[in-house]
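My entries follow in the order I made them.

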Amino acid sequence: MNFYVMTLFPEMIEQGMNTSITGRAIAKGLLSLETVNIRDYSVAGNGRIDDYPYGGGAGMVMQAEPIYRAYEEVKSRITVDTGHLRVIYLTPQGRVFHQEMAQELAQEENLVFLCGHYEGVDERVIETVVTDQVSIGDYVLTGGELPAMVMMDAISRMVPGVLSNAESGQSESFSDHLLEYPQYSRPEIWRGQPVPPVLLSGHHGNVERWRREQSLIRTLKSRPELLKDADLDSGDIAFLKSISSE
Ligand code: ADE
């Protein structure tokens, strides 16, 4: 998986991505990351890449040409056929990111991210180069860098080899439309709070059942809308009924 990021703040992307699990995957060659600084493609040649909006209004707009030139630079670095290259523009106007989107994008060999700033980006370059507009949630950030990193992090975890066996073996929130059950580690009693006794019982079947029930309880409480897509058996449904009538 090769990530290319068009941004005004390449150091932000590089520092974030070269840390922790994604950093380890980059060092191992499982992922690659290249940033292209849009400012290097200033038309005026003085590093300026924004201008006033036609029609007036507050704020500045990132101009089309520097972004288009940055995009051409990215394309020139990709040796495979770029006919179906996915170019993702991070914007609150986009489709909201979720786990299945991460899974789907992880199948691509190359992904390009366009991070906007200021009041926006000239619509014509969005129409010309962007294939996907994605939001990471219903709030407005100062730029697309954090959203691009959020997406790359979630996508990286889906790339084979990025997580160790121990990391990927865990069942986890959203993969089956249920939230994760609670976890406990030593000591057995921490500041007067004991670990749920079933986890110390050594009875694998009971532990599994308890974890399943905890997942169902948490999902019902915090994210009930997920349950309609979850794969529930008759025992799960009976359990949910018993706790919702409590
Ligand atoms: N840029 C600014 N806010 C954003 C958001 N919520 N998602 C994606 N890109 C953004």
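**Notebook: packing, cores and loops**

I began with leucine 163, which counts as buried because its relative accessibility is 12% (buried means under 20% relative accessible area, exposed over 50%, partly exposed in between, with a 1.4 Å probe and protein chains only). This is a predicted model, in which local features need pLDDT of at least 70 and side-chain atom pairs count only at pLDDT 80 or more, while totals for chains, interfaces and linings use all residues. Residues are numbered from 1 along each chain as its sequence is written, and side-chain values use heavy atoms, with hydrogens and water left out.

**Leucine 163, continued**

I placed leucine 163 in the loop between helix 6 and helix 7. Helices here are DSSP runs (H or I, at least four residues), as are strands (E, at least two), and both are numbered from the N terminus. I listed what leucine 163 touches, not counting residues up to four places away in sequence: Ile21, Arg24, Arg157 and Ser168. Contact means heavy atoms within 4.5 Å. I also checked leucine 163 against valine 134. They are 29 residues apart in sequence and 25 Å apart in space, C-alpha to C-alpha.

**Alanine 154**

I went to helix 6 next and found alanine 154 there. Is alanine 154 buried or exposed? Its relative accessibility is 16%, so alanine 154 counts as buried. Leaving out residues up to four places away in sequence, I noted that alanine 154 touches Phe97 and Ala102. From alanine 154 to alanine 102 I read 6.0 Å, C-alpha to C-alpha, across 52 residues of sequence.

I then looked at two helix pairs. Two packed helices are described by the angle between their axes and the distance between the axes. The axes are lines fitted to C-alpha atoms, for helices over the stretch in contact, and angles run from 0 to 180 degrees between N-to-C directions.

Helix 1 (residues 10-17) and helix 6 (residues 145-156) have axes that come within 10 Å and cross at roughly 30°. That makes helix 1 roughly parallel to helix 6 (angles under 35 degrees count as roughly parallel, over 145 as roughly antiparallel, 65 to 115 as roughly perpendicular and the rest as oblique). I logged this crossing as right-handed; the term applies if the near helix is turned clockwise from the far one by less than a right angle, and left-handed if anticlockwise.

Which residues of helix 1 and helix 6 meet? From helix 1 I noted Met12, Ile13, Gly16 and Met17; from helix 6, Glu145, Leu146, Met149, Met152 and Ser156. By class, this contact has six nonpolar, two polar and one charged residues. Ala, Val, Leu, Ile, Met, Phe, Trp, Tyr, Cys and Pro count as nonpolar, Asp, Glu, Lys and Arg as charged, and the others, Gly among them, as polar.

**Helix 8 against helix 9**

Helix 8 (residues 204-222) packs on helix 9 (residues 234-244) at about 55°, with the axes 10 Å apart. That makes helix 8 oblique to helix 9. I logged a right-handed crossing again for helix 8 and helix 9. Helix 8 brings Arg212, Glu213, Leu216, Ile217 and Leu220, and helix 9 brings Asp236, Phe239, Leu240, Ile243 and Ser244. I sorted the contact by class: six nonpolar, one polar and three charged residues.

**The cores**

The largest nonpolar core has 29 residues, of which Phe3, Phe113, Met151, Met152 and Ile155 touch the most other members. A nonpolar core is a set of buried Ala, Val, Leu, Ile, Met, Phe, Trp, Tyr and Cys residues joined through side-chain atoms within 4.5 Å. Elements that each supply at least two residues of this core include strand 1 (2-7), helix 2 (20-28) and strand 5 (86-96). Helix 6 gives the largest share, six residues. Apart from this core lies another, of 22 residues, among them Tyr4, Ile67, Ala70 and Ile126.

**Methionine 6**

I found methionine 6 in strand 1. Methionine 6 counts as buried because its relative accessibility is 0%. Cysteine 115 is 109 residues away in sequence, yet 6.1 Å away in space, C-alpha to C-alpha.

**Loops and backbone**

The peptide bond from arginine 186 to proline 187 is cis, with omega near 5°. Proline 187 lies in the loop between helix 7 (165-169) and strand 9 (189-190). Arginine 191 has a positive phi, near 45°, and is exposed at 72% relative accessible area.
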